[in-house]
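Hi,

Here is the structure I promised to pass on.

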Amino acid sequence: FPDVSSCIGIDLLVRSNINYNGYRFSFGMGHAEGGHHAFGYKAPLDINVTDEFETIKIPFLSFSDKWSGGTGDIIVECVDDLQFCPTKETLKDMEIMQFW
């Protein structure tokens, strides 16, 4: 993956034909202490129901590696505690990207 450490976020081109509030996007292998099976930096996605593709912008400050392995919900947001923000090293090489 390209080095995105000089960027403020990521843009995704998405489309959904169902109303679902549980979409998430994650990258990297960050692992907050005590997060047994929760690896990576995750952010919720707000995708509109439409037949057209739309670009959504997700600031890196919206990602956190402190999230629930059971629900996928963020427990502590990056903006509330910087230790859970994506690291510069991870932004230089995301290793893995996933849609949930």
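Strands S1 (residues 9-14) and S4 (residues 54-59) run antiparallel, joined by six bridges. Leucine 12 has isoleucine 56 of S4 as its bridge partner. If you look at the two sides of S1, Ile10, Leu12 and Val14 make up the covered face, while Gly9, Asp11 and Leu13 are on the uncovered one. Keep in mind that this is a predicted model.

Strand S2 (residues 24-27) has two partners to look at. Four bridges connect S2 to S3 (residues 41-44), antiparallel, with arginine 24 bridged to proline 44. Three bridges connect S2 to S5 (residues 97-99), antiparallel as well, and here serine 26 is bridged to glutamine 98. The side chains of S2 are all buried: Arg24 and Ser26 point one way, Phe25 and Phe27 the other.

Now the aromatics. The count comes to eight aromatic pairs. In one of them, the ring centres of phenylalanine 27 and tyrosine 41 are 5.8 Å apart with the planes at 35 degrees, so this pair is tilted. Phenylalanine 27 belongs to S2 and tyrosine 41 to S3, 14 residues apart, so to speak a link between distant parts of the chain. Phenylalanine 27 is buried at a relative accessible area of 1%, and tyrosine 41 also counts as buried, at 3%.

Phenylalanine 27 pairs with phenylalanine 60 too: the centres are 5.9 Å apart and the planes are at 75 degrees, so that pair is edge-to-face. Phenylalanine 60 sits in the loop between S4 and helix H1 (88-92), so the pair ties together parts 33 residues apart in sequence. Both of these phenylalanines are buried. Ring pairs join Phe25, Phe27, Tyr41, Phe60, Phe63 and Phe99 into a cluster.

Last, the cysteines. A search of the whole structure turns up one disulfide, between cysteine 78 and cysteine 85, with an S to S distance of 1.8 Å. The torsion about that S-S bond is about 90 degrees, so the disulfide is right-handed. Cysteine 78 and cysteine 85 are both buried. Cysteine 7 is in no disulfide, and the nearest cysteine sulfur, that of cysteine 78, is 16 Å away. With a relative accessibility of 38%, cysteine 7 counts as partly exposed.

Cheers

Note on methods:
Residues are numbered from 1 along each chain as its sequence is written. This is a predicted model: local features need pLDDT of at least 70, side-chain atom pairs count only at pLDDT 80 or more; totals for chains, interfaces and linings use all residues. Side-chain values use heavy atoms; hydrogens and water are left out. Buried means under 20% relative accessible area, exposed over 50%, partly exposed in between (1.4 Å probe, protein chains only). Two strands pair if DSSP finds at least two bridges between them. A disulfide is a pair of cysteine sulfur atoms within 2.5 Å. Rings of Phe, Tyr and Trp (its six-membered ring) pair if their centres lie within 6.5 Å; planes under 30 degrees apart count as stacked, over 60 as edge-to-face and the rest as tilted.
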